[in-house]
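Please have the sequence and the structure at hand.

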Amino acid sequence: MKLSWLPLLLLVAAPAAAQTARTPEPCECLPPLEVPYRQITLKNGLTVILHQDRTVPIVAVNVWYHVGSANERPGRTGFAHLFEHLMFEGSAHVKEGEFDTLLEAAGGSNNGSTSNDRTNYIIDIPSNALELALFLESDRMAHLLETMTPARVNGQRDVVKNERRQSYENQPYGEASIELGRMLYPPNHPYSWPTIGYMEDLTAASHEDVVAFFKKYYTPNNASLVIAGDIDLDRTQALVEKWFGHIPPGEPVEPLAPPAAFLTGVKRKTIPDQVQLPRLYLAWLTPAMYEPPDAMLDVASSILAGGKNSRLYKRLVYDTQMTQDVSAFQQSGVLGSSFLIMATARPGKTIAEIQAVIDEELDRLRREPPDTREVRRAINEIEASFYRQIERVGGFSGKADQLNGYYVKTGDPDFFAEDLARYKAFSPSDVQAAVRRWLPSDRRVELIVEPEAKK
């Protein structure tokens, strides 16, 4: 396999005839990585993707609504995540609380999540209960507003506000991610506000606002449905027509046109928090998901902080013991990405000396390409993670979710081979060039979280 490697073996010298006899036949090429699927579009615009996997008698029903926090506007943030909660609160033919009860009684489970770019809902259920899952999904797509009262909106708004308190206000270092968004992007950029929204916007949200949001974005022509697992393709297609074909389409959703985001210098800020140890965040703006540098920066993050053999972990956590932890990752998004390095100081260590070590390692990557073995190790880890994910049909990042994600972001549900090939198409010098181009020392965000002064 391209860029894979095997340990060197010490071979004992043997007679030429014996060596010739042991010469293996040329290996046959591995079959291409393919995930077969059937794609149809209903008359109302709903895109449907079916994939058969008879490994276990499980079916994953996965719906993506093509709306996330990026579709909100200043003063009305948090709607996409609020709707994720409201979608589990019952619909015209499903009483409040019955959504979970019916699925659990059939041996199924469900969940949902919201990001900048989408909202997804997953149901994993035994294959003999597929129609139950389709009924539940279709009913909330078609008939949610029939039971959406102001009291229900108020109830879930309070739940989301409490979630925000737990995840941000009362979470150690919780405000850092919100501050990073403000520092990286201009105020009117869709990625500048948090997915969960601002507290004042959640407070101001009215029942009428919620109804308008649903009518605009929760329509079949703004959604894609993947059904993967132990299914009969023809029967499943007929069931989809039965449960979703009658839902009327909505108006087309206009594409986003965000303002340009760029950094012209270094932005520095220090914020207090109720924490014991200071933490440093370094962040850069980077290219969008699936653009060539996106994969190169994934590999760079692994070389810098991907495990105990990585450069920053070895220097900061193991050798000098300056930090409790260190991490780096490329946060890929449809409208653009960001690269983040984060390190928490040990007692008695300063942010200045930690940042100096990080800058030394970044400078080393800018001056010379990483070792081939470092790149291979990073790619092997990515490849292993990739195959672990596609072994699962359901859940977050299982095959059903990936088919939906690839369709939404590339137009090709079976983008598996192309996705993996991105990491095998470049050399160590390409990683070096990506670091030099996209992680400069003079255009970045530097955020420090310091322990709040004791009263």
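The text below goes through the helix, its partners and the loop residue in turn.

The model is predicted, with local features needing pLDDT of at least 70 and side-chain atom pairs pLDDT 80 or more, while totals for chains, interfaces and linings use all residues. Residues are numbered from 1 along each chain as its sequence is written, and side-chain values use heavy atoms, without hydrogens and water.

Helices (H or I, at least four residues) and strands (E, at least two) are DSSP runs, numbered from the N terminus. Buried means under 20% relative accessible area (1.4 Å probe, protein chains only). Eight of the eight residues of helix H2 (residues 79–86) are buried, so the rest of the structure largely encloses H2. These are Phe79, Ala80, His81, Leu82, Phe83, Glu84, His85 and Leu86.

Contact means heavy atoms within 4.5 Å.

H2 and H5 pack at an angle of about 115°, with their axes 9 Å apart; axes are lines fitted to C-alpha atoms over the stretch in contact, and angles run from 0 to 180 degrees between N-to-C directions. From H2, the contact is made by His81, Leu82, His85 and Leu86, and the residues of H5 include Arg152, Val153 and Gln156.

Lys424 lies in the loop between helix H15 (416–422) and helix H16 (428–438). Lys424 is buried, with a relative accessible area of 10%. The C-alpha atoms of Lys424 and Ile379 are separated by 7.6 Å, and the two residues are 45 residues apart along the chain.

Terms used:
Buried < 20%, exposed > 50% of the residue type's maximum accessible area, 1.4 Å probe, protein only.
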